[in-house]
Amino acid sequence: RSALFALDGNTILTVLVVRIARLFDRTTARAFKTFLGYQDLVRSAVFAPDGKTILTASYDKTARLFDTRTAREIKRFEGHQDWVRSAVFAPDGKSILTASNDKTARLFDTRTAREIKRFEGHQGMVMIAVFAPDGKTILTASYDKTVRLFDTRTAREIKRFEGHQDWVMSAVFAPDGKTILTASDDKTARLFDTKTAREIKRFEGHQDWVRSAVFAPDGKTILTASDDNTARLFDTRTAREVKRFEGHQGWVRSAVFAPDGKTILTASAD
């Protein structure tokens, strides 16, 4: 389903199409920790800002917090009425944000696991929800073909990004927060101005759905993952494809940069 690096770049966290998440040593490619206990498939997993815990999202309608060292579940976030597609930490780690097939995104207190805010309005499943770098707004991507910006404090929608011709699978902020990057089943990734909601760049070339798109740490390139079995690197300024990563025998579900930006990590249906 997905794979990402720890902040030190030495550990890899993976989500498999079973009810587990695993930690791998980057050097040896050996799995050394497994996170269990789900009642359905695990959709995503991320590290806490301090690296001491991991947060998972599952089709069992929950998000769960695990101790990285012991692999023990220490908190469960409940309330969604359908699959939880993603779960991420706030920049300060004090709250977590979930996205669900129940068409909502929700904010929970990390310490108490209590729901403290609900973001509503989408007419389709919410695929992902992420925080702005400053934590003051959140961004949601949905099957209703829109991406929406909400005020974290009031839960009020303050901006809508439109133009995609199919489901929007992911949305992320640029490192500086001035632009957002989206990925869609319309086979494109797009760059929008955060302030005006205007599309300013389109990244084309994939032959199938684009599952995810992320910025390089320096923001100069973007990396896409697609059901055409490739990951591709584009120049952010020109929207030109500058590198293609091939070899997978199945859909590429996600692609991310290492913290130093020198390598990329892909996760595939193969």
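Biologist: Leaving aside its neighbours within four places in sequence, which residues is Met169 in contact with?

Modeller: Keep in mind that this is a predicted model. Beyond its sequence neighbours, Met169 is in contact with Met127, Ile128, Tyr143, Ala183, Ser184, Asp185, Val210 and Arg211.

Biologist: Thanks! Where is Met169 found?

Modeller: Met169 is in strand 17, which covers residues 168–173.

Biologist: And is Met169 buried or exposed?

Modeller: Met169 counts as buried, because its relative accessibility is 7% and the cut-off for buried is under 20%.

Biologist: Let's zoom out. How many helices and strands does the protein have?

Modeller: The count is zero helices and 26 strands.

Biologist: What about its radius of gyration, how does that fit a compact globule?

Modeller: It agrees: a compact globule of 270 residues would have a radius of gyration near 18 Å, and the protein has 17 Å. The C-alpha trace spans about 45 × 45 × 30 Å along the principal axes.

Biologist: What share of the residues count as buried?

Modeller: Of the 270 residues, 56% are buried. As for the surface, the protein exposes about 12,300 Å², and carbon and sulfur atoms supply 47% of that area.

Biologist: And what part of the contacts comes from residues 24 or more positions apart?

Modeller: Such pairs account for 38% of the contacts with a separation of 6 or more.

Biologist: Switching to charges: how many positive and negative side chains are there?

Modeller: There are 45 positive and 35 negative side chains, and the centres of the two sets lie 3 Å apart.

Biologist: How many salt bridges does a search of the whole structure find?

Modeller: The search finds 16 salt bridges. One of them joins Glu73 and Arg76, with N to O at 2.9 Å. Glu73 is partly exposed at 25% relative accessible area, and Arg76 is partly exposed too, at 36%.

Biologist: Which residues are linked with Glu73 and Arg76 in a network of salt bridges?

Modeller: Asp60 and Arg64 are linked with them in that network.

Biologist: Nice. What about Arg148 and Asp144, are they buried or exposed?

Modeller: Both Arg148 and Asp144 are buried. These two form a salt bridge as well, and their closest N and O atoms are 3.1 Å apart.

Biologist: And how far apart are the closest N and O atoms of Glu241 and Arg244?

Modeller: They are 2.8 Å apart, and the pair forms a salt bridge. Glu241 counts as partly exposed at 24% relative accessibility, and Arg244 is partly exposed with 41%.

Biologist: Now backbone angles. What is the phi of Ala239?

Modeller: Ala239 has a positive phi of about 65 degrees, although it is not a glycine. Ala239 sits in the loop between strand 23 (231–235) and strand 24 (241–245).

Biologist: Is Ala239 buried or exposed, and why?

Modeller: Ala239 is buried because its relative accessible area is 16%, and buried means under 20%.

Biologist: Last one: where does Lys61 lie?

Modeller: Lys61 lies in the loop between strand 6 (53–58) and strand 7 (63–67). Lys61 is not a glycine either, yet has a positive phi of about 75 degrees. With a relative accessible area of 37%, Lys61 is partly exposed.

Key
Residues are numbered from 1 along each chain as its sequence is written. This is a predicted model: local features need pLDDT of at least 70, side-chain atom pairs count only at pLDDT 80 or more; totals for chains, interfaces and linings use all residues. Side-chain values use heavy atoms; hydrogens and water are left out. Helices (H or I, at least four residues) and strands (E, at least two) are DSSP runs, numbered from the N terminus. The radius of gyration is taken over C-alpha atoms; the globule rule is 2.2 Å times the number of residues to the power 0.38. Buried means under 20% relative accessible area, exposed over 50%, partly exposed in between (1.4 Å probe, protein chains only). Contact means heavy atoms within 4.5 Å. Accessible areas come from the Shrake-Rupley method with a 1.4 Å probe; for residues, only the protein chains shown count as cover. Lys and Arg count as positive and Asp and Glu as negative; His and the chain ends are not counted. The place of a charge is taken as NZ of Lys, CZ of Arg, CG of Asp or CD of Glu. A salt bridge is a side-chain nitrogen of Lys or Arg within 4 Å of a carboxyl oxygen of Asp or Glu.
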